[in-house]
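Reader: Could you walk me through this model and tell me what lies behind the terms you use?

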Amino acid sequence: MTATIESLSQMEVRRGTLAPAPPREIAVRVRDLIKVYRDGTEANRGISLEVRRGEVVAIVGPNGAGKTTFLRQLTTELRPTAGSVSVFGVDAVAEPERAKRAMGITPQEAGVFERLTVREHFELFARLKHLSKREAREAAREVIEELGLSAETNKNVGALSGGQRRRILIGLALLGRPPLLVLDEPTTGLDPSSRRAVWSVIRRAVAVGATVILSTHYMEEAERLSDRIGVIAAGRLIAFGTLDELLVRLDRSYRLSYRDPIDPSSDLKIRYCASFAQAQQHIARELLSEYSIARASLEDVYFNLTGEPFDKDEAEAIG
Amino acid sequence: MTRVTDIICVFRIQFAGTRREVGPFLLAAFVFPAAMYLFANAVAGVEVAPEQSRLRFLAGSIVFSLSLTSISWLGYLLLENRFTGRLKLFATLPLAPSSYVFGVLVFAIAQAAVSVTTLLVVGRALGVQMRPNFPLLIVVILLTILCLCGLGVVVAARARSFSQGSLLTDTLGAGLIFLAPVYYAPEVMPRALRVFAQLLPTTFAARAVQTTLAGGHAIGNELLALSVIAVATLALGFKLMKWRED
C-alpha cells in the first residue's frame, strides 16, 4: 500500500475549502452521548471518550449493551438525544455529510448489490466517495487485491460466499483511504482465516495512519487489534483503557482453571487469585491434579466488569 | 458536478442490477398495458370502437405503464434497497438522500421511456389514428412520472415492512388507474367517486396524454395540476427519505 491517509482537514485544504490548520491529536471526541429511543429505551447513557489519531479502539460489551447504538451515532446514522460527536473537529451531529467524508463505515447489517460484479461494486462506490474515475479504478484494484478477492473481480457479488460478501463491505469502507474507519462487528460470521485476513487489512490501514473504531464480540480480536478497549454495559462506558490498564482493575489477576478432583467429568471451574502463590496454595489445599494457572485476560476483565461471560461458541471459532 | 456524478452512479447501480432482467422487464412493461388496451377495446366492441375511444384506451395504457414503472416497480426497488440493508450502504457515504432519490428517479424515467415508446409503436401498428405532439407529450410524461414517483418514494420511506410496502405500492398503482377515468369517461363513474377521481394525478395525466396524442396542446390546467402534485409528493418524499434516524 503506497497511499497515505489524509485527514478531513487535509482533504479540504487540498480542495481549497479550508485554511491550513495544525494537525489535531484527537480524531474523535464524544461527549455525554445519550440516546433514548421513542419507546423509552435508554441505549446510551452519557458516553464520553476521546480517540487519538492512528489509534485502534475496540468497543466490547454484552448483546444489547448499546455498542451498535453508539457506533451508529458516531457514523451519523442515528441522531443522538443529547451530547456531541466530533470527527476530526467536525461536528458530526450538525454536519453529517461533511463528517462522513472522513469516514469509512462498515455497518453491522448491510446488503450488497448482488447483480453488480465485485469490480463494479467497488468502482461505483468509490465514485460515490467522490474519487475521480481513474482514482476509483485504482482504489478498487487495490482493495480487491488487499482483501484477496482478485479471483472474484468479475464475478457477480451474488455468487460469492457470506464471508466474501462481508469482506466486500469492509472493502467499501476502505475505499479512498479515509482517515477514520468505523467497523461494526467486522468479522462476525467469518471463518478463522477470513477473520485473520481482515485483521491484516485493518493493521495495514492503521500502518498508513488510519484511526479505527470497531465493535466486536471476540475478546481475542479486541486484544490483538486494539490499542485501547472500551467496555459498554447497560448503555454506559464502564471501562476504557489499554489492556494493561484494564487488567490493573482486577484485584485478582491470576486465573486458576481446574477440574474438581472428586468429579473429574464436571465442567472446568475457574477461580481468580490475587497472586501466583495464592493460586498454588489453593491447588495444594484442594489436592488438584488437573489445573492451569494463567494471567487474567481481557475475557476476565470483561466478566469482572459486566458479570457476563463472552460468547464461548464465537470465541472457540477463532481457533 | 459532484451531485450529477452521484445521481449517475446511483442510476448505474440500479441499472446494472436489472441488466440481466431486461427481457422480463420489457415483457412486463409491454404485456400489462398492451393487454389492457386490447381488453378495453374488446369490452367497447373491437371493431366498432370509435377512434376517440381507441385513443383514450391507448392514453390510458400509457398512463398505466407509467404507474407500473413509477409506483409499483420503483416502490419495489426502493423497498428492496431499504429492507435488504442496501440503503445502509448509501447512508455510509457522503451522499445527499436527494441524490439517491434522483438517481432512482432517472432509472424510473429510463424504464418509462422504453415502455411508452413500445406502446406508441404497438398503437400505431394496431391502427390507432394519432398525431402526437411529441415535445408536449414528453413534458406530460415527465411530470406524470414525477408525481407517481413521489408517491412511490413516500410509501417506500414510510412502510414498516417489505410486504406492507409492496402491497401498498401495488394497491396505489392499480387504484390510481382503475379508480380514475383513465380507460373510461368520468360520466360513467358514481357521482361521489367522480369528484374524488377528478383530483387524482392519473386523471390529469390521461387527459393530457390523450390530448397530446391527438395533436392538441390545450392542456394548461392538466400541466399545472400535475406540476403542483409533483412538487407536493416529491417534497414529501424528499422529507421522508433521510439517512439519519431519530
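Author: Setting aside residues up to four places away in sequence, F90(B) touches F113(A), F125(A), L128(A), V10(B), I13(B), Q14(B), L95(B), Y100(B) and W243(B); contact means heavy atoms within 4.5 Å. This is a predicted model, where local features need pLDDT of at least 70 and side-chain atom pairs count only at pLDDT 80 or more, while totals for chains, interfaces and linings use all residues. Residues are numbered from 1 along each chain as its sequence is written, chains are lettered from A and ligands numbered from 1 in the order in which they are written, and side-chain values use heavy atoms, with hydrogens and water left out.

Reader: What makes C147(B) buried?

Author: Buried means under 20% relative accessible area, exposed over 50% and partly exposed in between (1.4 Å probe, protein chains only). C147(B) has 0%, so C147(B) is buried. C273(A), at 1%, is therefore buried too.

Reader: How do you know that C147(B) is in no disulfide?

Author: A disulfide is a pair of cysteine sulfur atoms within 2.5 Å. For C147(B), the nearest cysteine sulfur is that of C149(B), 9.5 Å away. Over all chains, the count is zero disulfides.

Reader: Why are α6(B) and α7(B) called roughly antiparallel?

Author: Angles under 35 degrees count as roughly parallel, over 145 as roughly antiparallel, 65 to 115 as roughly perpendicular and the rest as oblique. Helix α6 (residues 134-158) and helix α7 (residues 162-178) of chain B pack at about 155°, so they are roughly antiparallel. L148(B), L151(B) and V155(B) of α6(B) are among the residues making this contact.

Terms used:
Axes fitted to C-alpha atoms, helices over the stretch in contact; angles between N-to-C directions. Helix = DSSP H or I, 4+ residues; strand = E, 2+ residues; numbered from the N terminus.
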